[in-house]
Structures are given as structure tokens and as C-alpha cells.
Amino acid sequence: MLARWTVLVPLLAVFALAATWGRSLPGVAVAIVVPALIGAVLAAVHHAEVVALRVGEPFGSLVLAIAVTVIEVALILTLMGSGGDETATLARDTVFAAVMITCNGIFGLCLLVGALRRRVAVFNAEGTGAALATVTTLATLSLVLPTFTTSKPGPEFSPAQLAFAAVASLALYGLFVMVQTVRHPDDFLPVEADGVVTEDDGRAELPSGRAALAGLGLLVVALICVVGLAKVVSPPGGSAGGSAGLPPTGGGGGVARRVRLPDTRAAGRAARRDQVQIGLNLALGSGMASIGLTIPAIAVASIWLDGPLVLGLGATQMVLLALTVVVGGLTVVPGRATLLQGGVHLAVFAAFVGLAASP
């Protein structure tokens, strides 16, 4: 059954959107609207979880990852449309933060929780390895290459290069979805210690069809409110939003952290149910969707958005990304992990958070 707050919050968000749409709000009013925006984000992800539980794995992880990314893309485009040159790095910072959060923070948390419960966290190396390889390729094509291309000055793609990155990102993501849901779905299901694939054992309460349909409707309402309220609280320059506690227009890490808090909760809950694979599906699938859907959306939006679009990572960010790829590959190959591997991923995530706060 749907939690009561997840029904009331979207309705309150609709009221807040109707009362503030098209108006220039003072800082105090923005501070009042911001909780409605955050609540709409949390409610949207909750309803995505309800739908995900109903459809089962591996489709459930896919539904949740796409829902989170739709919210993220909507926030990016809204802030970029009102921030001018100040938002030149917003898409890059948000996507990179999403990769660090998912591939180190959520990934490490799942391994740590799984290892604490059974001493060794077991997962399917084939599916997890394929997901990690896809995230690595997407991140390199979209975030690393712009730093080294010469068609435009600075870490930017030329229009032709941006179009290629967008098409390649969408194609790779679509190919992964086909493999995950049609060709090799068993590679993304939980496994036992002996490597035998297991179906969902029912420890997670399965929502009814009626609850899933209601969740789908409320998910749509919450997504509309997220986009609308983000526009309301982000006037040109982003000063009001900043004063109300929203991330500044260039603070992509703030966008990624807020959107992925419920995602982290869902993955941790799956790991506590001894379904580490589902948690890893959520982590890597969310990171993959963040790149595979955000870059094409930004590429299309760049046609009418003013100002530069900086996608290339800096040296420090590339070192963290390279470390993430190497550590992730070494973790995935055996198909099992101890507390050490979980701790290593969390240490890399802690380094990302620390360097973001003090570059």
C-alpha cells in the first residue's frame, strides 16, 4: 500500500506549483517552496520503487534508474536554461558526481552491507562486468575526450563531436537495456554462493496491481512538479535558489546527491535482503542512465541554450575516474567481495567528496 506521505507530498507540490508558477519569488518564498521540491523528488523515486517492485527484476532496476535520471535531466535543463554562462559546467559536474556516487558510494555500500551479513558478498560477475564496462565507455566518450579534442578551444565538443557523443551514448544505453531485459536477463539476477541464479524470494513485499498503477500516476505528477518547481526556484543567476539552500547553478554535485539519496536507500535495502546483485544493478544502472540519457538531452537542448557547454573533466576528476574503473574491474572479476572491497570503493567516494569540498 502506498505510504500516506507519498500521496500528500505530490498534491502539496501541485498546489505550490500552481501558486508560484510565472511569478518572481523573494528569497523567503523560495525557502518555503524548496521543501516541496525536495519532497516531490523523494516521492517520485518512491513511486518508481513501487512500480519497480511490481515489474520485478531486471526491469525493476531499469525503471528506477530511468526515473531518477529523468528527474536529474529535468533539473539540469531547468537550471541551465536560467543560469547563462554560470551553468557551463553543470551537466559535466552532475554526470561526474552521479558516476562517483553510484560506482563508488552506492556500489561500496552494497558490498559492505552484503559482506557484513554473509562475510562474502556474492554477485553475478558477467552482468556486473558488462554494466561497469558500459559505464566506463560512456564516461570516457562523454567526459574525458572533450578535454583532449582540438576542434574547439577549451574542454568542449564541437557540434559534430557532441552529436556523435549523444548518438553513441544513447545507442550504448539502448544496447545495454536490450541485453539486460531481453537477451541475457539471467546475468542480472541475484546469485547464491555457489553461483546459482535465484529468482526474487519474496522477502520484499510485492505491491498490488492497483498500488502499482496509483504509483505510476503519482510518479508522473511528481515528475511534473519537480520540473516546474525547479524552474520556479531558479531565476536567472540562481541567487535565490542559492540563498534557499539549493545548489548553485554550477553545483552539479548537489543536484546528483539530492536526486540519488532515495536510490541509495533502495540499493542498501536490497543488499540487506541478501540481494547484492539488485543493489549493484541499481548502482551501475543509475550511473549508466545518467550519462546515456543526460548527454543526448543536453546535446539537443544546446541548440537553443545560450553559453558554452563544458563537458571535459579536469585532471583531478580524471584521476578519480581512472581509479574508479581500475578498482571496479578488480572488484567485479571474482564475482565475490569482502569488507575490504567495499571499504576501498567507499574510500574513493570519500576522496571525491573531500576534493569537491576542498579542491
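The structure is a predicted model. Its chain has 359 residues, of which 54% count as buried. The secondary structure consists of twelve helices and two strands. Read from the N terminus, the order of these elements is α-α-α-α-β-α-α-α-α-α-α-α-β-α. Among contacts between residues at least 6 apart in sequence, 83% join residues at least 24 apart.

**The first helix**

Helix H1 covers residues 4–20. With 1.5 Å a residue, its 17 residues should span 24 Å, and the end C-alpha atoms are 25 Å apart, which agrees. The buried residues of H1 are Thr6, Val9, Pro10, Ala13, Ala16, Leu17 and Thr20. These residues cover an arc of only 120 degrees around the axis, which puts them on the same side of H1. On the other side of the helix, Arg4, Leu12, Phe15 and Ala18 are exposed. The cover over the buried residues of H1 includes helix H2 (27–55) and H7. After H1 comes Gly22, which has a positive phi near 80 degrees.

**The nonpolar cores**

The largest nonpolar core contains 62 residues, and the members that touch the most others are Met80, Phe96, Leu111 and Leu321. Several helices give two or more residues to this core, among them H3 (59–83), H5 (125–144) and H11 (315–332). Helix H4 provides the largest share, namely 14 residues. Beyond residues up to four places away in sequence, Met80 touches Thr87, Leu90, Ala91, Ile298, Leu305 and Leu309. There is also a second, separate core of 26 residues, which includes Leu17, Ala48, Ile71 and Leu229. Leu17 is also one of the buried residues of H1.

**The aromatic pairs**

The model has three aromatic pairs. Two of them are set out below, with the distance between ring centres and the angle between ring planes.

| Pair | Centre distance | Plane angle | Arrangement |
|---|---|---|---|
| Phe176 and Phe188 | 5.5 Å | 85 degrees | edge-to-face |
| Phe349 and Phe352 | 6.2 Å | 35 degrees | tilted |

The planes of Phe176 and Phe188 are 85 degrees apart, so this pair is edge-to-face; the cut-off for that arrangement is over 60 degrees. Phe176 lies in helix H6 (residues 159–183) and Phe188 in the loop between H6 and helix H7 (209–232), so the pair ties together parts that are twelve residues apart in sequence.

The planes of Phe349 and Phe352 are 35 degrees apart, so the pair is tilted. Both residues lie in helix H12 (residues 339–357), where a spacing of three residues separates them by about one helical turn. Phe349 is partly exposed at 22% relative accessible area, whereas Phe352 counts as buried at 10%. The cut-off between these two classes is 20%. Together with Phe96, these two residues form one aromatic cluster. Phe96 is also among the residues with the most contacts to other members of the largest core.

**A buried threonine**

Which residues does Thr128 touch, apart from those up to four places away in sequence? They are Phe107, Phe123, Gln277, Leu280, Leu284 and Val332. Thr128 lies in helix H5 and counts as buried at 1% relative accessibility. Although Thr128 and Leu284 are 156 residues apart in sequence, their C-alpha atoms are 7.9 Å apart in space. The side chain of Thr128 also reaches the backbone oxygen of Asn124 at 2.8 Å.

**Positive phi outside glycine**

Arg119 is not a glycine, yet it has a positive phi of about 70 degrees. Arg119 is found in the loop between H4 and strand S1 (121–122). Its relative accessible area is 71%, and Arg119 is exposed. Asp274, another residue other than glycine, has a positive phi near 65 degrees. The place of Asp274 is the loop between H9 and H10.

Conventions. Residues are numbered from 1 along each chain as its sequence is written. Side-chain values use heavy atoms; hydrogens and water are left out. Rings of Phe, Tyr and Trp (its six-membered ring) pair if their centres lie within 6.5 Å; planes under 30 degrees apart count as stacked, over 60 as edge-to-face and the rest as tilted. Helices (H or I, at least four residues) and strands (E, at least two) are DSSP runs, numbered from the N terminus. Buried means under 20% relative accessible area, exposed over 50%, partly exposed in between (1.4 Å probe, protein chains only). A nonpolar core is a set of buried Ala, Val, Leu, Ile, Met, Phe, Trp, Tyr and Cys residues joined through side-chain atoms within 4.5 Å. Contact means heavy atoms within 4.5 Å. A polar contact is a pair of N or O atoms within 3.5 Å; within protein, one must be able to donate a hydrogen and the other to accept it, and residues adjacent in sequence count only if both atoms are side-chain atoms. The expected span of a helix is 1.5 Å times one less than its number of residues. The arc is that of the directions from the helix axis to the C-beta atoms.
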